[in-house]
Structure formats: structure tokens, C-alpha cells
Amino acid sequence: MQEPKTIAEFPKCSVCGSEETISQLATAPLKASGKIAQGTFTLLRQQVVPLEQPLLAAITVSCVVTLFDICAKCGTERCTLAQLIQAPVQMQPNPRGNGPGMFGGGIPSRQ
Ligand SMILES: [Zn+2]
């Protein structure tokens, strides 16, 4: 698997200029206690968008991943990082929704 390739970085809030984010505040105790490695990049939300048709790609497809966090100073949700990744096809979001049996599972009704 290829390393993610960073295409854009936004270390500072575009509104107030703060570099501090909610995920940094939230994970600070975990980093202090060693449960999360120091220097780990943290985020609150990520969006993965495939750039190629999964059917045409053999094993992996190029995807752009945008990572979002919330400014700890002014509360603005902002993009912190954008990366290109190669993701396995089966990890792609299925545009047709979950497969049969994924919801309404449980006991099959017999008529
Ligand atoms: Zn801010």
C-alpha cells in the first residue's frame, strides 16, 4: 500500500488563525498517558471520495481524503489536511447502499 500523498495542508484556522483543534484537546490526555503516540495527526471527520470508477480499477482506486477538525478557539469546522490515497476497491462506499440483509436482518419471515 502506497503512503498517502499530502496535496494540501491547512495548519491554521482561516477565521481566527489558531492552530489548536478540538481533536488535539480531546486526545491530549491520551497522548500524555501514551495511549496515542505523540505527534499522531488527529481528526474529527474524514471524507473519502474515489477519483476513478471502481469497476475499471483492478485492486485499488485513487481517492482524495479530506480531514476535518473543529477550531478550539472559534468553533469553525475546517479542513486540516487533504491527501491522495490508493484504497482497496472493497473499502469504497457503495453508492447503492448496503447489500441485502444488511438492514432489516434478524429473523427471516416465512410465509
Ligand atoms: Zn478559529
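**Working chat**

Q: Let's start with Val49: where does Val49 lie?
A: Val49 lies in strand 2. Strands here are DSSP runs of E with at least two residues, helices are runs of H or I with at least four, and both are numbered from the N terminus.

Q: Before I go on, what kind of model is this?
A: It's a predicted model: local features need pLDDT of at least 70, side-chain atom pairs count only at pLDDT 80 or more, and totals for chains, interfaces and linings use all residues. Residues are numbered from 1 along each chain as its sequence is written.

Q: OK, back to Val49, buried or exposed?
A: Val49 counts as exposed because it has 11 C-beta neighbours inside 10 Å. The cut-offs: buried is 20 or more other C-beta atoms within 10 Å of a residue's own, exposed is 12 or fewer, partly exposed is in between, with C-beta atoms placed from the backbone.

Q: And what does Val49 touch?
A: Leaving out residues up to four places away in sequence, Val49 touches Cys63 and Val64. A contact means that the C-beta atoms, placed from the backbone, lie within 7 Å.

Q: Zooming out, what's the order of elements from the N terminus?
A: They run β-α-β-β-β, so to speak one helix and four strands.

Q: How are the strands arranged in the sheet?
A: The four strands form an open sheet in the order 1-4-3-2, with antiparallel pairing. Strand 1 and strand 2 (45-50) are the edges, each pairing on one side only. Direction ignored, neighbouring strands are turned by 20 degrees against each other on average, with axes being lines fitted to C-alpha atoms (for helices over the stretch in contact) and angles running from 0 to 180 degrees between N-to-C directions.

Q: How many bridges hold strand 3 and strand 4?
A: Eleven, and the two strands pair in the antiparallel sense. Pairing here needs at least two DSSP bridges between the strands. One of the partners is Cys79 in strand 4, bridged to Phe68.

Q: What about strand 1 and strand 4?
A: Four bridges join strand 1 (residues 5-9) to strand 4, again antiparallel. Lys5 stands opposite Leu84 there.

Q: Which residue takes a positive phi in the hairpin of strand 3 and strand 4?
A: Gly75, with phi near 85 degrees; that hairpin has six residues between the strands.

Q: What is Cys71 in contact with?
A: Beyond neighbours within four places in sequence, Cys71 contacts Cys13, Val15, Cys16, Ser18, Thr21, Thr76 and Arg78. Val15 is 56 residues away along the chain, and its C-alpha atom is 9.1 Å from that of Cys71.

Q: Last topic, what's the average pLDDT?
A: The protein averages 83, and 75% of the residues score at least 70; pLDDT is the predictor's confidence in each residue, from 0 to 100. Over residues 97-111 it is below 50, and this stretch has one contact in the model beyond near neighbours in sequence.

Definitions and conventions. Contact = placed C-beta atoms within 7 Å.
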